[in-house]
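Thanks, everyone, for making the time this morning.

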Amino acid sequence: MKTIIKLFSASAFVLALNSCGGVPEEKTADAGEEKAFAVAEVLEMVAKENDVTRTLYTKAIVGGGKKQGMKFDEDWRKDDVEAGPLPALFLRGIATSIRKSPVPLGLYLGSDFPVNAANKFEGKQAELFTQIKKDQKPQFFYDEGQKLHTAMFADLASAGACVSCHNKHPQTSKSDWVLGDVMGATTWQYPKDSLTYKETVAVLNSYSQGTVDIYMEYLDEIKAFEESEKPEIGDKWPAEGNYLPTPEVFLDSVRKLSSYETMKHLVAAK
Ligand code: HEC
């Protein structure tokens, strides 16, 4: 029973991670030293968080925001473009933030028919992606060349906006995507085959921190808007009007939608 209590408080601690710091300090000195999770399990947990984050951003921010006249663009970072990041670039922002963190987690979004040719799967990943398209099941392998444990998860056309934007994009290599299609896959990499509790928490935290970082970059862009009407940043969402949630409100919704699954894994660990 004691262990359970400890694990519960540890997962509550993951879920309560705060949005402005990096990796929080351990509360108990002895916690998390032994190997608790296989790398595949951890990558599955973080991929689940990513699904929720990605769908929430695409539907509630991009989908909802467009209805309010907000713009989202590939060139969102350019000074003369007053827009927010497209979903794929939001994900890349998260990946960039993780890469700059001390956590050795890699994240990449690819496809067999990409909009951006640089996102085309090659080699082993291309091979496994054909299988993912058939059964939508995750694929795991050890990349001998890079010496990295690699997991791939289907990236589904979960919102109408995914399909319509890709189909009519001038650089698209496929224009008949339909809702529910496997449009690509997220590839996750980590150097070790198992992780301690502490390392697992660090992976999950670096993902959340990545979300906050790219979202804050978006809000910073908005501050610099000169022509466009600026949405009000607070606790409301675009569905209610010209509003955007703060990073805390956004992350809070991600947690509400995904944390139960993540917690189940963390609690079942020992
Ligand atoms: C408003 C336009 C737009 C929306 C909405 C959009 N995408 Fe994309 N997507 C792009 C663009 C542009 C790229 C290429 C970005 C880059 O890497 O330069 C991209 C990249 C991707 C990639 C990487 C492979 C590629 O095509 O380059 C995948 C996979 C992908 N998107 C899937 C999705 C899914 C799934 C959704 C919905 C959850 C979605 N996209 C929503 C425009 C969009």
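**Two helices against α6**

Let me begin with a crossing: helix α2 passes helix α6 in a right-handed sense. Please keep in mind throughout that what you are looking at is a predicted model. Helix α2 covers residues 39-67 and α6 covers residues 197-223, and their axes come within 9 Å of each other and cross at roughly 20°. Since angles under 35 degrees count as roughly parallel, that crossing angle makes α2 roughly parallel to α6.

Which residues of α2 and α6 make the contact? On the α2 side they are Val42, Met45, Val46, Glu49, Asn50, Thr53, Tyr57 and Ile61, and on the α6 side they are Thr200, Val203, Leu204, Tyr207, Thr211, Tyr215 and Tyr218. Sorted by class, the residues of this contact of α2 with α6 comprise ten nonpolar, four polar and one charged.

Helix α6 also packs with helix α3, residues 87-100, and here the angle is about 125° with the axes 8 Å apart. That angle makes α3 oblique to α6, and the crossing of this pair is right-handed. From α3 the contact involves Leu89, Phe90, Gly93, Ile94, Ser97 and Ile98, while α6 contributes Ser206, Tyr207, Gln209, Gly210, Thr211, Asp213, Ile214 and Tyr215. By class, the contact of α3 with α6 is made up of seven nonpolar, six polar and one charged residues. If you compare your two lists, you will find Tyr207, Thr211 and Tyr215 of α6 in the contact with α2, and Tyr207, Thr211 and Tyr215 in the contact with α3 as well.

**The chain as a whole**

Stepping back for a moment, the protein chain has seven helices and ten strands, and 49% of its 270 residues count as buried. Among contacts between residues at least 6 apart in sequence, 69% join residues that are at least 24 apart.

**Some single residues**

Beyond its neighbours within four places in sequence, Thr187 is in contact with several residues, including Gly106, Tyr108, Phe121, Thr150 and Met152.

His166, by contrast, sits in helix α5, residues 160-168, and is partly exposed, with a relative accessible area of 28%. Leaving aside neighbours within four places in sequence, His166 is in contact with Val115, Thr172, Lys174, Trp177 and Met183. Asp176 is ten residues away from His166 along the chain, and the C-alpha atoms of the two are separated by 8.9 Å.

Finally, I would like to point out two backbone angles, bearing in mind that most residues other than glycine have a negative phi. Gln136, in the loop between α4 (123-135) and β5 (139-143), has a positive phi near 60°, and this residue is partly exposed at 41% relative accessible area. Lys147, in the loop between β5 and β6 (148-156), also has a positive phi, of about 55°, and counts as exposed, with 52% relative accessibility.

Note on methods
Residues are numbered from 1 along each chain as its sequence is written. This is a predicted model: local features need pLDDT of at least 70, side-chain atom pairs count only at pLDDT 80 or more; totals for chains, interfaces and linings use all residues. Side-chain values use heavy atoms; hydrogens and water are left out. Axes are lines fitted to C-alpha atoms, for helices over the stretch in contact, and angles run from 0 to 180 degrees between N-to-C directions. Helices (H or I, at least four residues) and strands (E, at least two) are DSSP runs, numbered from the N terminus. Angles under 35 degrees count as roughly parallel, over 145 as roughly antiparallel, 65 to 115 as roughly perpendicular and the rest as oblique. A crossing is left-handed if the near helix is turned anticlockwise from the far one by less than a right angle, and right-handed if clockwise. Contact means heavy atoms within 4.5 Å. Ala, Val, Leu, Ile, Met, Phe, Trp, Tyr, Cys and Pro count as nonpolar, Asp, Glu, Lys and Arg as charged, and the others, Gly among them, as polar. Buried means under 20% relative accessible area, exposed over 50%, partly exposed in between (1.4 Å probe, protein chains only).
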